[in-house]
Amino acid sequence: MKKYKIALLSGDGIGPEISSVSVNVLNKISKKYNFDIEINEHLFGGIAYEKYGAPAPEETLDKCKKSDAVLLACVGDMKYDSLPRELRPESGLLKLRSELNLFANIRPVKIRKSLIDSSSLKKEIVENVDLVVVRELISGIYFGKPRGYINNIEVPKAFNTMVYDYTEIKRITDIAIKIANQRNKKICSVDKSNVLEVSQLWRETVFNVTSKEKGLSLSNMYVDNAAMQLVKDPSQFDVILTSNLFGDILSDLAAMLTGSIGMLPSASLNNYGPGVFEPVHGSAPDIAGKNIANPIAMLLSASMMLKIGLNEKEAAENIERAIDNVLSKGFRTLDLDNGCCKVLSCSEIGEKIVEEI
Ligand code: NAD
């Protein structure tokens, strides 16, 4: 029997509530699909700071590195905002990403049929949306040097450098190819090669790397047009491959097509070690401890973990199907309530989803 070791980081706020639902779902799915899943919880975020004085303790990072995948809920709370930056829960997240070399951020955007009216766009625009944004995460303009802010001169100035080398573009393209091959073999690479040299290298490299893949269709789009097309006709996209800055903006834009933050999963990956799978939302301190949070974004993250991280595709799809069944029967958490459905607590909707598996 296959056996997987999962590091679970429940973190802060609603984290423990949505984690508990995820553990129940993973336990049920592993029995059904005949694999063994060992889930070990480790302290991370504000709760780790309380106990060890650090948001990402070495022991937690070490356990994450030795696992097959990391499932993270969320971290943060206002009470940590006055701490020095390196002790805040959010710095723990950055440390985890850099220690695990997570250069690829994957954010799927899929409209669930029963939630179609939650989108701020018209039904006919969003009804067939099912895309994935593949964003380079640890290079580009956010990390490029030189960078600086000079204000002790007559006219203050500031600058950043957008830089990529061939290897960095190739490795993120390889990830996009892997994902495209599990979907419709269609990649749209987004850049600004009409203006930027760095985008020229991006475009050439993506072309060279993808041209070795049989049956893969590649298109290119300038980022300004991509932003427009995502609002005008988002269903034309399948896999969007892009750099750090453009991906940051486009993935938030694309995510909001669904209209609900409690539904959005993500994965951050590297080439050789465990990935981190986590909902897009934060720790929602305003509803923490009330058992009313929506656990679905974390369940969809667990589904991504099974599909991308552990290659358990059927089990992953079963989780998605179970979620769709529960939603189409009219069950919702409070954040999705539109007045005509039955509102359940976090743990209750979790039980319904477990029953559907
Ligand atoms: P947030 O995502 O936590 O909450 C925004 C709003 O969405 C709130 O009204 C909240 O109640 C609601 N919400 C979020 N997730 C929900 C869910 N699963 N079910 C129902 N409602 C949900 O963002 P915020 O309020 O800006 O940040 C709160 C804390 O989370 C901060 O400390 C912030 O730094 C941190 N944060 C962490 C992450 C992460 O862990 N990856 C991401 C973003 C923010």
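Which backbone N or O atom lies 3.3 Å from an oxygen atom of the ligand? The atom belongs to Asp-77. The legends below describe close-up views of a predicted model.

**View 1. Polar backbone atoms and the ligand.** Asp-77 places a backbone N or O atom 3.3 Å from a ligand oxygen atom. For Gly-282, a polar backbone atom is 2.7 Å from an oxygen atom of the ligand. Ser-283 also takes part, with a backbone N or O atom lying 3.1 Å from an oxygen atom of the ligand. On its own, the ligand has 810 Å² of accessible area, and the protein covers 68% of this.

**View 2. The shell around the ligand.** There are 20 residues around the ligand. Those that come nearest are Glu-90, Gly-282, Ala-284, Asp-286 and Asn-294. Sorted by class, the shell consists of ten nonpolar, five polar and five charged residues.

View 3. Strand β3 spans residues 69–74 and is mostly covered, with six of its six residues buried. Strand β1 (residues 3–11) runs parallel to β3, and five bridges join the two. Within this pair, Leu-72 in β3 stands opposite Leu-9. Strand β12 (residues 276–279) also pairs with β3 in the parallel sense, here over two bridges. Val-70 has Val-276 in β12 as its bridge partner.

**View 4. Glu-278 in strand β12.** Glu-278 is found in strand β12. Its relative accessible area is 8%, so Glu-278 counts as buried, the cut-off being under 20%. The side chains of Glu-278 and Arg-97 are joined by a polar contact of 3.3 Å. Apart from neighbours within four places in sequence, the residues in contact with Glu-278 include Leu-72 and Ala-73, as well as Leu-93 and Arg-97. Pro-265, Ser-266, Ser-268 and Ser-301 are also in contact with Glu-278.

**View 5. Arg-112 in the loop between β4 and α5.** Arg-112 is found in the loop that lies between β4 (104–110) and α5 (123–126). Is Arg-112 buried or exposed? Arg-112 is buried, because its relative accessible area is 7%. When residues up to four places away in sequence are not counted, Arg-112 touches Met-263, Leu-300 and Leu-327, together with Glu-320 and Asp-324.

Conventions. Residues are numbered from 1 along each chain as its sequence is written. This is a predicted model: local features need pLDDT of at least 70, side-chain atom pairs count only at pLDDT 80 or more; totals for chains, interfaces and linings use all residues. Side-chain values use heavy atoms; hydrogens and water are left out. Buried means under 20% relative accessible area, exposed over 50%, partly exposed in between (1.4 Å probe, protein chains only). Helices (H or I, at least four residues) and strands (E, at least two) are DSSP runs, numbered from the N terminus. Two strands pair if DSSP finds at least two bridges between them. A polar contact is a pair of N or O atoms within 3.5 Å; within protein, one must be able to donate a hydrogen and the other to accept it, and residues adjacent in sequence count only if both atoms are side-chain atoms. Contact means heavy atoms within 4.5 Å. A residue is near a molecule or strand if one of its heavy atoms lies within 4 Å of it. Accessible areas come from the Shrake-Rupley method with a 1.4 Å probe; for residues, only the protein chains shown count as cover. Ala, Val, Leu, Ile, Met, Phe, Trp, Tyr, Cys and Pro count as nonpolar, Asp, Glu, Lys and Arg as charged, and the others, Gly among them, as polar.
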